[in-house]
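This briefing sets out the computed features of one chain for use alongside its sequence and coordinates. Individual residues come before the overall architecture.

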Amino acid sequence: MVSLFLRDLALFARGGGFATGLIFFLALVVTIPFGIGPDLALLSRIGPAILWIGVLMATLLSLDRLFQADREDGTLDALILGPVPMPLVVLAKCAALWCAAILPLVVAAPILGLFLAVEPAALGAVAATLLVGSPAIVLVGAVGAAIAISLPRGGVLVSVLVLPLTVPILIFGVTAAYGAVNDPAPFREPFLVLCGLSLFFAVLGPVAAALALRMLAD
């Protein structure tokens, strides 16, 4: 698993996922204030939601690369027939994608939040919620990527399949970020639910994606 993680980490990093996601995230955050106008109070209020949506959209753009390259060069068949259980293979690949393409977005979110006049406390809450919630998006996305891998225009289909399933993650993430600065809105409860969702999908996501990949191989 460690070897697979390091291999995929290098492949994802060389594939441009880091730069592509950041450029998309930056473009989204920079252009929204032009559409909304110079209302700093409004930008500050909706800023956490904009940052969460930006990370979500950038993550969806990266999901089609999770299995596609391995399918094209035959590595995926070797992994399916190899000694490592497929759920662990999927988990390692998801961890590599998260470290290479999503973690930089989590680090950049508080910096880009300054463009939206988001309060410092809210910036910290956004970073914390993205840190624990973004893995759930990748793990859910692994299932969609496994299902759509053999279909034409699979990248578009991945987004269509995954987006509805990520709505609860988005809701609890934004709610927790708002709760950090708006009394009496809670922070702890939605944050713990967000942690629970990531742990739940860490178990369910790799298993479901592995089953989809094995069905594809058969």
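Threonine 166 is buried, as its relative accessible area is 1%; buried means under 20% relative accessible area, exposed means over 50%, and partly exposed lies in between, with a 1.4 Å probe and protein chains only. This is a predicted model, in which local features need pLDDT of at least 70, side-chain atom pairs count only at pLDDT 80 or more, and totals for chains, interfaces and linings use all residues. Residues are numbered from 1 along each chain as its sequence is written, and side-chain values use heavy atoms, with hydrogens and water left out.

**Threonine 166**

- Helix α8, covering residues 154-179, holds threonine 166; helices (H or I, at least four residues) and strands (E, at least two) are DSSP runs, numbered from the N terminus.
- When neighbours within four places in sequence are left aside, threonine 166 is in contact with Leu56 and Ile137, where contact means heavy atoms within 4.5 Å.

**The α8 to α9 connection**

- Phenylalanine 187 sits in the loop between α8 and α9 and is partly exposed, at a relative accessible area of 28%.
- Setting aside neighbours within four places in sequence, the contacts of phenylalanine 187 are Ala125, Thr129, Ala176, Gly179 and Ala180.
- Between phenylalanine 187 and alanine 177, which are 10 residues apart in sequence, the C-alpha to C-alpha distance is 6.9 Å.
- Glutamate 189 belongs to helix α9, residues 188-217, and is partly exposed with a relative accessible area of 46%.
- A C-alpha separation of 9.4 Å is found between glutamate 189 and glycine 179, 10 residues apart along the chain.

**The α6 to α7 connection**

- Alanine 117 is placed in the loop between α6 (86-112) and α7 (120-148).
- The phi angle of alanine 117 is positive, about 60 degrees, although this residue is not a glycine.
- Alanine 117 is partly exposed, with 31% relative accessible area.

**Secondary structure and annotated spans**

- The chain contains 9 helices and 0 strands, and its elements from the N terminus on follow the order α-α-α-α-α-α-α-α-α.
- An unreviewed UniProt entry places the feature "transmembrane region" at residues 12-36, 42-63, 95-118, 124-149, 156-179 and 191-213; UniProt positions are given in the numbering used here, feature names are shortened, and annotations may be inferred rather than shown by experiment.
- Residues 42-63 are 95% helix and 0% strand, with end C-alpha atoms 32 Å apart.
- Residues 124-149 are 96% helix and 0% strand, and their end C-alpha atoms lie 36 Å apart.

**Overall dimensions and packing**

- The C-alpha trace spans about 55 × 35 × 30 Å along its principal axes.
- Of the 218 residues, 44% count as buried.
- Among contacts in the chain with a separation of 6 or more, 81% are between residues 24 or more positions apart.

**Surface and charge**
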